[in-house]
Amino acid sequence: MTKLYQREGAYIPRVAAVHDMCGYGKCSLGVAIPVLSAAGVDVCPVPTALFSAHTKFPVFHMHDTTCMLEAYLDAWREENVDLDGVYSGFLGSAEQVAVIQRLYREYPNALRIVDPVMGDGGVKYPTYTDELCEAMAALVDGADVLTPNLTEASILTGIPYEGQDVPVEFVQKNVSALLDMGAKTVVIKGIVHGDEPIIRNYLASAAEGGQVEEVSSELLPYMLHGTGDLFASALTAAIYAGRTTREAVDFAGELVRDAMRITREQPDFEMRGVSFEPTLGKVAALLA
């Protein structure tokens with residue numbers, strides 16, 4: 001696998017992080033900003049929504065920021081803000097896809113890293129409408145890196161979801177469909193087989209023939225909110241630290257595992273979100 005970004009001298013790359021901001025329960029921008037910053041990235045947030053808490057809580061308040069984003073980006077252009085990348089995740093409305101596409105037009109040389117946050121376990125997240133899911137498919141074409149789980153791959157491709165315990169041939173079918181839709185590199189996350197203590201992520205690049213390569217890490221016996229955001233943010237951080245895509249996937253999987261172990265020791269750990277803070281030294285060490 002090749003490197004998508006080469007660090008040069010003391011230059012600090014600047015990346016727009018197009019995600020929501022969550023007040024309680026660590027995810028989205030609350031993860032992306034510190035993780036990318038630890039890797040020496042200048043993070044420029046583009047908040048797609050404001051949440052009181054993440055959507056696993058039975059009660060949360062959401063504020064959709066769509067109405068402010070065009071003026072927000074207009075101000076960036078007036079100030080001649082430049083970008084080396086656009087890293088997108090959770091969106092608040094279908095119209096926000098056009099906001100990301102505007103960033104692509106205005107910064108044609110920026111890397112496009114797309115985490116198509118839409119659902120998990122075969123179920124869409126509660127704020128995601130059919131219209132928004134359909135619009136998200138437009139971000140596949142031209143994505144330098146696309147990081148869906150199997151639920152999100154199913155939504156994007158139309159291939160029926162068959163659970164998390166699937167053979168590699170089924171993963172390859174999804175990956176091939178996403179590459180055919182225009183993605184350059186695809187990482188499918190979270191495949192598990194029976195009671196094996198292993199979680200498998202599969203990586204494939206159109207430039208290298210499109211065949212999937214397995215990158216596995218330890219599977220812990222509990223689930224946490226925000227691990228997908230941490231995985232994508234750690235992968236992005238490693239890419240901007242000059243790692244290959246395979247090295248970045250491996251690093252992201254290991255960092256998520258380490259953060260999950262730390263989280264397990266915290267009170268109310270199943271709801272608070274993934275406790276990644278003590279792992280930031282490992283992110284910073286990417287630059288050593």
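At what angle do helix H2 and helix H3 pack, and how far apart are their axes?

## Packing of H2 and H3

Helix H2 (residues 66-78) packs against helix H3 (residues 96-106) at an angle of about 10 degrees, and their axes lie 10 Å apart. H2 is therefore roughly parallel to H3 (angles under 35 degrees count as such). The crossing of the two helices is right-handed, that is, the near helix is turned clockwise from the far one by less than a right angle.

On the H2 side, the contact (heavy atoms within 4.5 Å) is made by Thr66, Leu69, Glu70, Leu73, Asp74, Trp76 and Arg77, and on the H3 side by Gln96, Val99, Arg102, Leu103 and Glu106. By class, this contact has five nonpolar, five charged and two polar residues.

## Basis of the model

The model is predicted, with local features requiring pLDDT of at least 70 and side-chain atom pairs pLDDT 80 or more, while totals for chains, interfaces and linings use all residues. Residues are numbered from 1 along each chain as its sequence is written, and side-chain values use heavy atoms, leaving out hydrogens and water.

## The chain as a whole

Ten helices and eleven strands form the secondary structure of the chain (DSSP runs of at least four residues for helices and at least two for strands). The C-alpha trace spans about 55 × 45 × 40 Å along its principal axes. For 288 residues, a compact globule would have a radius of gyration near 19 Å, so the chain's value of 18 Å agrees.

Of the 288 residues, 56% are buried (under 20% relative accessible area, 1.4 Å probe). Among contacts between residues at least 6 apart in sequence, 70% join residues at least 24 apart.

Methods: Axes fitted to C-alpha atoms, helices over the stretch in contact; angles between N-to-C directions. Parallel < 35°, antiparallel > 145°, perpendicular 65-115°, else oblique. Nonpolar A, V, L, I, M, F, W, Y, C, P; charged D, E, K, R; others polar. Rg over C-alpha atoms; globule rule 2.2 N^0.38 Å. Buried < 20%, exposed > 50% of the residue type's maximum accessible area, 1.4 Å probe, protein only.
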